[in-house]
Amino acid sequence: MRTDSFSVDNCLKCSLCNTVCPVMGVEPEYPGPKRLGPELERMRVEGVATDTTWVEYCLGCHRCDLACPNQVDVSAMIAAAKATHRKPLQRRLRDWWFARPALLARLAFVAPAVFNLSLSLKPVRVLMERVMGISSRRPFPRYTHGLQPRSAAQAPRGRVAFFPGCYIRANRPDLAAKVVRLLEHCGYAVEIPATTCCGVPSLANGAAAEAAAQARTNLEHLAPLAESGVPILTACSSCGHMLKTGFSGLLEGDLSARANQLASAIWDLGEFLAREAAEGRFAGAALAGKQRVAYHAPCHLKSQGIGQPWVALLRQIHGVTVEPLDAGCCGMSGTYGFKQEKYELSMRIGQSLFERIDEVRAESVASECATCRMQIEHGTGTRTLHPLELLEESIAEESRA
Amino acid sequence: MDSTQVVIIGGGATGAGLLWDLSLRGIAAVLLEQQDLANGATGRCHGLLHSGGRYAVKDPEAAAECIAENRILKRIAPHCVEDCGGLFVQCQGDDPAFFEEWWRAASTLGIPSSRLSAEAARALEPNLAPDLLGAFTTPDAHVDVFRLVQANMEAALARGGRVRTYAQVRKIEVVRGRVQSVRFCDTRTGEEHQVRCEIVVNAAGGWAREAAALAGVDVPLRCDKGTLLVLNHRLSGRVLNRCRKAGDGDILVPAGPVCILGTSSVTVPGPDGLTCTAEEIQDLLNLGEVMVPALAEARVMRAFAGVRPLYIRSGAAQEAGRQVSRGFVLLDHGERDGVHGFISVLGGKLTTYRLMAARAADAVAAQLGVQVQCSTDTVPLRAEEPACASGLLPEAALEKLVVRRGADAPRIVEAIRHQPVLAEMVCECELVSRAELDFILGPDAPLPASTLADVGRRTRLGFGPCQGTFCGFRAMLAGFQDHRWSAEEAVAQLHAYIENRRKGQLPIPEGKQLDQMAMGSDIYGLDPGLEPEVQPIALAGGDHVR
Amino acid sequence: MSVDYDALVVGSGFAGLTAAAALSAAGQRVALVTTGSGSLVFAGACLAMPAGPDPALRCFTEFAAAAGCRYTGSECSEALLPTLLGELQPVGFAPHFLDRFEATDEGLCTVAGIEGLSGFDAEFLAERLNQVAGEQGLRRRHVPRTLRLGRALGVPLTVLAIARCFDADRAFRAELASQLREAAAGSDSLLLPAMLGIESTEHKLDAFERAVGLPVRELVTLPPSVAGLRVERLLKKRLHALGVEFFEGFPVRALRLQQHRCAQVEVAAPARSLKLIASAVLLAVGRRQSELLGLHAPRLDERQRPLDAAGNPFAENVVCAPSPAAAPLHTANLLRVRAGFGAAQSVLAGEVHLAHR
């Protein structure tokens, strides 16, 4: 994909981007990626007023980028337009918070039980909807006391670092523990450096400066590791996508170059384990009983261009049957599905995925992305899990045996 | 027989400007254009509104005219001018003595300029070469040539002037040494017409020699071809000139969403049958890259060529293209050739079109005994832009519509209110709505369009990367639905249009535009087989190549 | 070194898809690397008539039929395919639901348009088809009808919006079928802009046709052509089901050679190239092949291996489906199918495999 200013020159106006846009599929008035991206981009360079509320409705799923036969960086153009887009006060305030999930989590850490309770009270949610435009129909994930950084001991295969991201840090620190066990099982010592939000929510909410600040903080903590050859792993596909592709464009000069170097040290956990498996150092074990697991590939996994490593990894687990869903975007897109004015749209986008899940009748749905899992549970009532949980469980069972 | 006081031959900037000038003086005039407006040099240039900087050293007289006209046009036609400013860029290897000479000349002429360091220039224009030495600022600007000609014609029409396009002059009747009437043919219908008049003004640009011959007069003219390239997006926000003795490939003009690189200078036999070769295009790019290295990567969308009609003053016939003064000439054929009532206005450049028109109008007024002075330097070409209802079109589309259509914009927006389906963007690259297209094709348009290419000149439809592949089809369908064309005529329109658009794309180098064209061939089942590298493509005189 | 795939196909136009189909049908483990869409989607995915029995064409049409997209045509007679300008192009094989003329066809065809639909006008098309048919002595007559859809699908209305609604909404399909049945009453066939779903299998379209009650045929519109998109989606889905692994969205950056073989294919994934290892590599990337091979328009040997300037194979295990020389679209498509099929045969013949497999 061209990520420079010439990307706009690659557009042949074929509209294939529009054919894969999840928003266009359910909202006929949405102008679509071709209009909001390359078409308006030429006008933006010209200096014509191009702002439109519709840019807020881009999911940032990158499907348009992947569908483009000419490598136009469509969604980056829309993201840039988001950054200069003007919103009414209520949405501006709300999106300010949504751009800073790490800050929200820090509030929750003070007293997670109280925090969770209040977010589950109907009157609170109604008030939040009225005042802040956060949909009262959308359940919030439960917050915990959080995850502490840890340093790595010695290990035969050396050191890896784990970037947990906001969700694992604030809501599911148990997943981090499982990641550590899996990697230790492979012979690595695992370090969890102090990091902050990857910046995806900031970009999605038009807060480019905040995203750049987050990128600088993360770079400061991660670049030394990358520079000393330590692989940095993520278990969240959106964090992985951002760490691999997002930082260098937000930063300038030397920092941008360092961000590129960091990017080449970033691995999706599945990608890393698949390589370990391919080189014979790792294999899934057996799970007692039989289960059918449906697998949903998050959009931000697809945008990493690494195939679907978890499908093969899950297939290694004896007793697990994997059913890849291949039914499009879930519609959640991080904070998008929480927004009062976008909730309905988000659910309509997810409809074909929900229907497919019902058709498949799997016991659970595995997906690497936390908000995809939230949406699937909300839309279908089916239990969801991160694929690493199954793998870790199989290893744990094996070692108990 | 129809009659008027003055017949103007040629619908370029000069002819249109003259029609407006005469209308302001209350002189009845008919403009006859053999094709459509701005078909010749006017429609085939950069659209650079010179500050005079380019001529400051070599031709101070022309430079002084330029800076004066630059100021006037920005005042009277703001909707046609994008006042983007310009830079004279000092490139590595260019003569530093010339920079100083330029600086002195510019200040003598009163061309406002300031010196920029290399860093400051690059901060303004990041695509400039990293090794540039510095730059001077100028008040150069871009003028939309099609809009300018339309604006002059429309303003004149509102004051009683008349315009006939596709009207080819066949004979200028001269009786006893005095012009009596003009016979012309409507090339669409083949009908012959005649209009009686007192004065004929030959403003036929590159065709001035042919036009003069129709009155039995010879006007020595040399045609100097310039080739220009249209790039898909703006590589600079300002007009970039290389600060050196004027040469090829050293001007880059931002023009709406695109930018235009030019130009070359080659003597050709006449204004018809111009060709652009792949070599010329590559030469232009190579030269341009010295100043703007990004040209190596940018998508060339189109190549076109126009002629500078240069009047050969006696004795100067042998001089090379750029040496002949770009200043203009007014010939009174009564004095010169004994054909009274016949005037030729020749040479000149786009920037000074108004001045040329004013001088020609002075001569006309003197012959007719009209005392009214020229006022085109103070009367705006268009009234204040009207307010339009918002929310019916996207913001960018509305902005473009208002600039293009002026006082007609509100009724176009109202049409959308009544029929929301008319908000469809027929041309997505230039944001031309169906409502605007219907207006342009319809009876209320001040200058009705006959062909899809005419629609393009009035709206910029088809001027974007698809080069008419998508919008041409939608526009054709609109013409059918509006009962302008039968299905058969509509298809013939489209074929002619696509063929015409392809001519400007064929000679350009490998790259995205060829992919774009291949897609068009697949859609319309056209022969994809022309090998662009080997075949110079004739740009026939009748083609509108922008 | 472990081998990920038996064959790696680069490109998903006619050539790449045909090759992947032929290879996976033969039991090969196949990966398909593709950036966006290929040659099928901009028009109707039609093929010219071959000069005689054509195994490549048969391979493709059988594959398409298995994918739920049967082709109609003959190896011995050409039909005429109306274009969006109402002109008639000769065609050999076309997806079943595209409108085709036989010179002998007669009867009345209702051309149905949709009110407010961008890029399609029934009046225009009927007038034009009647005129062209008249000129060529054909007997089918056309009569225009314009329907108003029962629901708002955006302004301007596009075939894409209709197709997506058609895919997702059973009630919409039923409504549309009954509207069309009424509009076409008394005629022998119905012609629509291609809009009957991007995901529709022929099974679904057969059912729709039954509901309308007369033959329903589509006409290719301006890109994106729903007809072409549908073929491509169905074919890719079929390959998926056959176990072909897809790497979509990023171009191949380089072919890494080792001892005259392509040891690794580097895909330009973000941050770090994705490195894929396959016994054989099949390039079906049209004109881009010159760039990938670093050879300008290379000649091929009898096994479709590209040759360098000295006449030596670029690599033992790299074959090409060459880009057809400038030819009319349907002919080019047929050549693409043949090129992909030929390259796959070469791989299957085992001559281009890694020795140690």
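Figure 1. A search of the whole structure, which is a predicted model, finds 91 salt bridges over all chains. One of the pairs is formed by Arg137(A) and Glu344(A), whose closest N and O atoms are 3.0 Å apart. The two residues are 207 residues apart and so link distant parts of the chain, Arg137(A) being placed in the loop between helix H9 (122–132) and strand S1 (159–163) of chain A, and Glu344(A) in helix H20 (residues 343–360) of chain A. Arg137(A) is partly exposed, with a relative accessible area of 43%, and Glu344(A) is likewise partly exposed, at 41%.

**Figure 2. The salt bridge between Arg159(A) and Glu191(A).** The side chains of Arg159(A) and Glu191(A) meet with an N to O distance of 2.7 Å. Because Arg159(A) lies in strand S1 of chain A and Glu191(A) in strand S2 (residues 189–191) of chain A, the pair ties together parts that are 32 residues apart in sequence.

**Figure 3. The salt bridge between Arg338(C) and Asp54(C).** In chain C, the side chains of Arg338(C) and Asp54(C) meet in a salt bridge at 2.6 Å, N to O. Arg338(C) counts as partly exposed, with a relative accessible area of 31%, while Asp54(C) is buried at 5% relative accessibility.

**Figure 4. A network of salt bridges in chain A.** Salt bridges that share partners join Glu56(A), Lys87(A), Arg91(A), Arg94(A), Asp95(A), Lys339(A), Glu341(A) and Lys342(A) into one network.

**Figure 5. A patch of negative charge with residues from chains B and C.** On the surface, Glu488(B), Glu489(B), Glu123(C), Glu127(C) and Glu135(C) gather in a patch of negative charge. Two elements give two or more residues to the negative patch, namely helix H15 (487–503) of chain B and helix H3 (122–135) of chain C. Of these, H3(C) gives the most, with three residues. Glu135(C), placed in helix H3 of chain C, is exposed, with a relative accessible area of 55%.

**Figure 6. A nonpolar surface patch on chain A.** Trp96(A), Trp97(A) and Leu107(A) make a nonpolar surface patch of about 290 Å². Trp96(A) belongs to helix H6 (residues 89–98) of chain A and counts as partly exposed, at 40% relative accessibility.

**Figure 7. Cis peptide bonds in chains B and C.** In chain B, the peptide bond from Gly262(B) to Thr263(B) is cis, with omega near -10°, and Thr263(B) is placed in the loop between strand S18 (258–262) and strand S19 (266–268) of chain B. In chain C, a cis peptide bond joins Pro223(C) and Pro224(C), with omega about 0°, and Pro224(C) lies in the loop between strand S10 (216–219) and helix H7 (226–241) of chain C. Most residues other than glycine have a negative phi, and most peptide bonds are trans.

**Figure 8. Positive phi values at Gln71(A) and Gln304(C).** Although Gln71(A) is not a glycine, its phi is positive, at about 55°. Gln71(A) sits in the loop between helix H4 (63–67) and helix H5 (74–84) of chain A and is buried, with a relative accessible area of 17%. Gln304(C), also a residue other than glycine, has a positive phi near 65°, and its place is in the loop between helix H8 (288–293) and strand S16 (318–320) of chain C. At 17% relative accessibility, Gln304(C) counts as buried.

Note on methods: Residues are numbered from 1 along each chain as its sequence is written. Chains are lettered from A and ligands numbered from 1 in the order in which they are written. This is a predicted model: local features need pLDDT of at least 70, side-chain atom pairs count only at pLDDT 80 or more; totals for chains, interfaces and linings use all residues. Side-chain values use heavy atoms; hydrogens and water are left out. Patches are made of residues with over 30% relative accessible area and no salt bridge: like charges are joined within 9 Å, nonpolar side chains (Val, Leu, Ile, Met, Phe, Trp, Tyr) within 5 Å. Accessible areas come from the Shrake-Rupley method with a 1.4 Å probe; for residues, only the protein chains shown count as cover. A salt bridge is a side-chain nitrogen of Lys or Arg within 4 Å of a carboxyl oxygen of Asp or Glu. Lys and Arg count as positive and Asp and Glu as negative; His and the chain ends are not counted. The place of a charge is taken as NZ of Lys, CZ of Arg, CG of Asp or CD of Glu. Helices (H or I, at least four residues) and strands (E, at least two) are DSSP runs, numbered from the N terminus. Buried means under 20% relative accessible area, exposed over 50%, partly exposed in between (1.4 Å probe, protein chains only).
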